[in-house]
Structure formats: C-alpha cells, structure tokens
Amino acid sequence: MQLSEDHRAVQDAVRAYVQGEIAPHAARWDKEAHFPAAELKGLAALGCYGVAVPTEWDGAGLDYLALAVILEEIAAGDGATSTVVSVNNCPVCSIMMAWANDAQKAQWLRPLARGDMLGAFCLTEPHVGSQADGLKTTAVRVSDSECDGYVLNGVKQFITSGKNGDVAIVMAVTDKAAGKRGISTFLVPTHAPGYIVARIEDKMGQHASDTAQILFENCRIPAANLLGEEGQGLKIALSGLEGGRIGIAAQSVGMARAAFEAALQYAKERVAFGKPIFEHQAVQFRLGEMAMQIEAARQLIHHAASLKDAGVPCLKEAAMAKLFASEMAERVCSAAIQVFGGYGYVSDFPVERIYRDVRVCQIYEGTSDVQKILIGRALA
Ligand SMILES: Cc1cc2nc3c(=O)[nH]c(=O)nc-3n(C[C@H](O)[C@H](O)[C@H](O)COP(=O)(O)OP(=O)(O)OC[C@H]3O[C@@H](n4cnc5c(N)ncnc54)[C@H](O)[C@@H]3O)c2cc1C
C-alpha cells in the first residue's frame, strides 16, 4: 500500500533527523551504554512521543500508520532509541488515552505526549512474563495519616526505561482471591519513595536503552493514581499490546532495513574474483530475498495499523505482523552479516550491532510462541 503525502512528510522529517543526529552515534552509544537524552528530546519535538495522542492532549494527533512509519525510521538509525520511543507511545500513552480520567491525562498524559516526561510499563515479574495473570506484586489500599492510597510491594523485571523514565504504569494484585480480575493498574512516579532501581540488566544488545529490575518496597501512592477501576488491571495491560506489537514489528523492519542497506552498499564496493560481490549471483539473490522479506513485513504492519486506525479489532493482524517481522528481521540481519563476510562479525560495521539489537524483537511484547497462540486462537 502507498503512503499518503502526509505520512510521507512525517517519514521524511523523522528520517532526516534520525540519519543526521542518531544513526551516526548509535555504535558509540551501544558501546558506552549511553542513554541518548538530548536526541530523544529532538524526537519529542518532532511529535514522536505521543504520535497517536490527539493534539488536545498535546500529542501529534496522527495515527498508528504514522507511528509504524516513525518507529521504522528511528529503528533504522538505532534500535535501542526506537524501543524507548515505542514503549512511551504504546503501551504507555495508548493506555493513558484509553483509561485515564481527565485529571490523570492533564497530569501525566500531556507531558508524556510532549516528551517532557518518559514513560515505563511494568508488567513482567521475575517469575512471570508470558503468563501475565500470575503476578505477585501487591497493592494494598490504606487510609491513614500518612497515606490515602495504595502501598505497593514486589519486583518487576526487564522494565524498559525503568531507570530513565519519569512515571511507570504498574500492574499489581489488589485482590488475590479474584484471580485475573484481582489485578489493578497504577501510575507510579519513579521518584516515589519505595520505587527502587535494583539493577540494570547487562543485555546482548540495545545497550543505549536501560532495562531495569524495579523493587517496590512499601511504595506509597495516592488513590488518585489508580488507573481505571480496581480489578481492570489485566484488561488495561492487554489493551496496550495490540498497538505495541505493531510498534515492535515496525522496529524490526527498521533494523532489518538498516542492515540490508549497509549490506547492499558493501556488496557494490567489495571486490572478489575480479568484480564487486554484488555481481555474483549468489550475493544478488541473497540481497533480493532480503529486500522482498522486508517489504512483505512492512505491508503486514501497515495493514494492521490501518485496521487499528479504522477502529477494526486487529489482534490477529498485529500478532501476525509482529511474528513475521521480528523473525524476518533476525534472518535478514544474519544474511547481512553473511554479505559482509568476516567484516560482518566485527564491530567496525553496523550489522554486528544491529543483529544483536534486533534479537529481542522476538521476545518482548509477547514472544513468537505467544503470537502463534494468539493467531491460533483467532482461527478457532
Ligand atoms: C530488553 C527487554 C525489554 C523489556 N521491556 C519490558 C517492559 O518495558 N515492560 C515489561 O513489562 N516487560 C518487558 N520485557 C519483558 C518481556 O516482555 C518478557 O521477557 C516476555 O514477555 C517473555 O517473558 P519471560 O521472559 O518471562 O519468558 P517466559 O514467559 O518464561 O517464556 C520462556 C519461553 O517459554 C515460551 N512459552 C511460555 N509460555 C508458553 C506457552 N503457553 N506456549 C508455548 N511457549 C511458551 C516462551 O515463548 C519462551 O520461549 C522486556 C524484555 C526484554 C528482554
């Protein structure tokens, strides 16, 4: 499908910024685990923080197709930066739009959509990721001289922007006996006493994005920070994942595209057996296959995003896009390394980093197995 002129204009603006200010530094940021705060502000100024948030709440007032286009562009410059922006949009801003009351939107959504704040999403715990209803973190209602609100205790695992974020959407158990219906969602400022960054994970890739283990130790928050109603937590958490999966799929395509473009350029320059390796049919076939796979994934993503924009439920299509794009991206990035030969395996060229960065796309926001379960259920 063709992008509209408006979507192309957004694409051009973000691409110019990313290729000028982000891509040239991605390798260094990865080596130094540098969080690109200044460049994230630049992306925020372009409307990348709250892409699908209406302008009345300080968002860019665009749609999910624009979000997919934007995340592809950011990921083509740096996968880690795209993860930070992706989480802020979906699930954080999308959940706020759907579930927050006007006071909560004024206090949290506006700055999140403008980029004055950065959001995190705390669902996963050390013992449960795929099975989101097995949470152990608790939120107990208290009303005493110190606090009219909730006291949170527990551990959250693998939280993107858990350290650098300003506010976290946290799922916790308020009624153990109610099972899935006993989970609630809270807005927790990361400076709240008892919000403790216990550790930063030493990851395979995406080093510029912090992935934190968060300890909630008698963390007190006001009752006004309950999102939706008690017991709606799981529904709220899952509601953010449809758009989130479109976002991860778009990141996958962006990283695959960057690896492909680097490989294509290299193939036209590297000479073996008297001619550029691009002119050896095996290499050209490999690049052709890569280009086709990237385009196929992009079309699945744009289809799912267009359904979401039209208000059509697209759980299956978002899962298909995420599954296909993330698995495609690993294959394409591996093929890019092959095109580079030995130079693909060292960090002088970007494909080594991109291969490490893209691997997690098959894991976060639901593993590939979970996407298959979702697609299978939709077929039943
Ligand atoms: C870099 C990074 C960033 C992340 N960011 C966030 C974040 O911001 N917020 C957040 O809440 N979480 C985040 N996560 C967590 C991520 O979403 C989980 O890791 C993911 O959902 C998988 O959960 P798990 O690691 O517990 O794996 P598990 O659920 O233990 O799964 C382990 C394996 O078993 C398979 N499996 C599990 N159940 C089934 C089943 N029923 N059928 C078939 N196979 C199954 C899985 O597919 C997987 O291969 C992040 C993770 C990483 C690595």
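The points below comment on selected helices, salt bridges and surface features of this structure.

1. Basis of the note. This is a predicted model, in which local features need pLDDT of at least 70 and side-chain atom pairs count only at pLDDT 80 or more, while totals for chains, interfaces and linings use all residues. Residues are numbered from 1 along each chain as its sequence is written, and side-chain values use heavy atoms, with hydrogens and water left out.

2. Helix α3. Helices (H or I, at least four residues) and strands (E, at least two) are DSSP runs, numbered from the N terminus. In helix α3 (residues 37-45), the residues Glu-39, Leu-40, Gly-42, Leu-43 and Ala-44 are buried, where buried means under 20% relative accessible area, exposed over 50%, and partly exposed in between (1.4 Å probe, protein chains only). The cover over these buried residues includes α1 (5-22), α2 (26-32), α4, α5 (79-99) and α6 (102-114), with contact taken as heavy atoms within 4.5 Å. Ala-45 also belongs to helix α3, but this residue is exposed because its relative accessible area is 71%. Just after α3, Gly-47 takes a positive phi of about 90 degrees.

3. Packing of α4 against α8. Two packed helices are described by the angle between their axes and the distance between the axes. Here the axes of helix α4 (residues 64-77) and helix α8 (residues 241-269) come within 7 Å and cross at roughly 35 degrees; axes are lines fitted to C-alpha atoms, for helices over the stretch in contact, and angles run from 0 to 180 degrees between N-to-C directions. Among the residues making this contact are Ala-68, Leu-71 and Glu-72 of α4, together with Gly-243, Gly-247 and Arg-257 of α8.

4. The structure holds 20 salt bridges, each being a side-chain nitrogen of Lys or Arg within 4 Å of a carboxyl oxygen of Asp or Glu. One of them joins the side chains of Arg-257 and Glu-261 (3.3 Å, N to O), and both residues lie in helix α8, four residues apart, about one turn of the helix. Arg-257 counts as buried because its relative accessible area is 8%, whereas Glu-261, at 41%, is partly exposed. Salt bridges that share partners join Arg-15, Glu-72, Glu-73, Arg-257, Glu-261, Glu-295 and Arg-298 into one network.

5. The side chains of Arg-28 and Glu-32 meet in a salt bridge (3.4 Å, N to O), and both residues lie in helix α2, four residues apart. A further salt bridge is formed by the side chains of Arg-356 and Asp-30 (2.9 Å, N to O); since Arg-356 lies in helix α11 and Asp-30 in helix α2, this pair ties together parts that are 326 residues apart in sequence. Arg-356 is buried at 18% relative accessibility, and Asp-30 is buried at 8%.

6. Surface patch. Tyr-343, Tyr-345 and Val-346 make a nonpolar surface patch of about 350 Å². Patches are made of residues with over 30% relative accessible area and no salt bridge, like charges being joined within 9 Å and nonpolar side chains (Val, Leu, Ile, Met, Phe, Trp, Tyr) within 5 Å, and accessible areas come from the Shrake-Rupley method with a 1.4 Å probe, only the protein chains shown counting as cover for residues. Tyr-343 is placed in the loop between α10 (315-340) and α11 (350-358), and this residue counts as partly exposed because its relative accessibility is 40%.
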